[in-house]
Amino acid sequence: METGAPSTDAGAVPESSTSSPPDAARDGATDGPTTPPPPDASTQDAAEGGWDASGPWTSVSYGVTTKDTGTGNDIVIAYGGYTATDADSQAWVTQMTSVRLAQLAVGHMYAVRGPKDPDYSSREIGNSELAAALASQAMASSHVIVIAHSSGGFVADELFTFADASVIAKIAYFNLDGGSWALTDALVGSMRGVYFCNAHDSVAGDSENTSSDESLHASFPASHFFTVDADGSGCDPGAGWCLHDTLITNHPHDPTTFDLDLDYTDFTGGRQVVTSYIDQAVSDGVL
């Protein structure tokens with residue numbers, strides 16, 4: 001864990017995790033609610049335009065739930081950070097899809113809870129079952145968008161080790177202030193695009209894992225580096241963990257640190273979900 005990280009941090013990413021931790025048994029259980037909070041106005045507007053996320057979330061495997069919106073064949077998979085619940089990841093991916101991804105023909109959403117260990121050492125998430133589901137579903141897709149925040153990057157890496165080459169070739173991967181243990185030059189080169197993303201506020205500074213983001217980008221020449229403009233975030237100067245959550249919301253709830261539950265689920269009161277890295281990928285021709 002990085003120096004100065006809170007002991008209960010919901011987004012801590014160890015500076016180095018380059019080997020695969022041991023596997024852990026999976027029992028197929030799901031923790032917590034599988035229904036996100038009621039939609040806000042932006043979600044309702046999307047529904048009026050033909051986008052419908054009113055159906056239930058269904059379980060794919062341990063820690064993985066899915067919902068179809070009926071608007072397109074493309075896929076998004078959102079990996080939450082350390083300790084994010086099913087409901088947290090569901091609310092986040094629903095908001096991203098309603099305000100931006102539905103415009104890119106995303107009609108299949110997957111929400112993945114955060115790992116129970118910051119470095120995902122327990123290997124508890126059912127990524128092999130997710131990869132099996134994608135093998136058939138992605139046949140009709142042009143893009144598979146994978147977005148991982150913080151320690152969710154370690155969990156996303158495991159999916160890449162299981163996914164078919166045909167699925168890998170359709171993946172646009174966005175690592176948001178996160179970590180990695182399985183990426184290789186060959187894997188990064190075979191995807192549509194890989195983006196390592198940090199955040200910067202001209203008053204508050206850089207997001208907590210900026211040095212890791214820069215190091216990962218330097219390790220993989222085929223990757224992209226993108227900095228989210230977090231000006232006006234409200235984070236205190238030097239509050240790297242608050243800025244860590246500006247990869248999720250433009251105005252985190254706690255100016256001193258993260259507030260995982262609120263930052264993933266509450267996009268009211270002028271708070272907006274952050275998708276500027278998606279816009280960059282569209283501009284680059286990756287999406």
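Tutor: Buried means a relative accessible area under 20%, exposed means over 50%, and partly exposed lies in between (1.4 Å probe, protein chains only). The model is predicted, so local features need pLDDT of at least 70 and side-chain atom pairs count only at pLDDT 80 or more, whereas totals for chains, interfaces and linings use all residues. Residues are numbered from 1 along each chain as its sequence is written, and side-chain values use heavy atoms, with hydrogens and water left out.

Student: Why is R113 called buried?

Tutor: R113 has a relative accessible area of 6%; the cut-off is under 20%, so R113 is buried.

Student: What makes the contact of R113 and D86 a salt bridge?

Tutor: The term requires a side-chain nitrogen of Lys or Arg within 4 Å of a carboxyl oxygen of Asp or Glu. The N to O distance between the side chains of R113 and D86 is 3.0 Å, so the pair qualifies. R113 is in the loop between β4 and α3, and D86 is in helix α2 (residues 86–99), 27 residues apart. Helices (H or I, at least four residues) and strands (E, at least two) are DSSP runs, numbered from the N terminus. D86 is also buried, because its relative accessibility is 2%.

Student: How many salt bridges does a search of the whole structure find?

Tutor: The search finds 3. Another joins D279 and R100 at 2.7 Å, N to O. This pair links helix α10, which holds D279, to the loop between α2 and β4, which holds R100, 179 residues apart.

Student: What makes R123 and E158 a salt bridge?

Tutor: Their side chains are 3.7 Å apart, N to O, which is within 4 Å, so the pair qualifies. R123 lies in the loop between β4 (106–112) and α3 (127–137), and E158 lies in helix α4 (residues 152–162), 35 residues apart. Both R123 and E158 are buried.

Student: How do you know whether D177 is buried or exposed?

Tutor: Its relative accessibility is 0%, under 20%, so D177 is buried.
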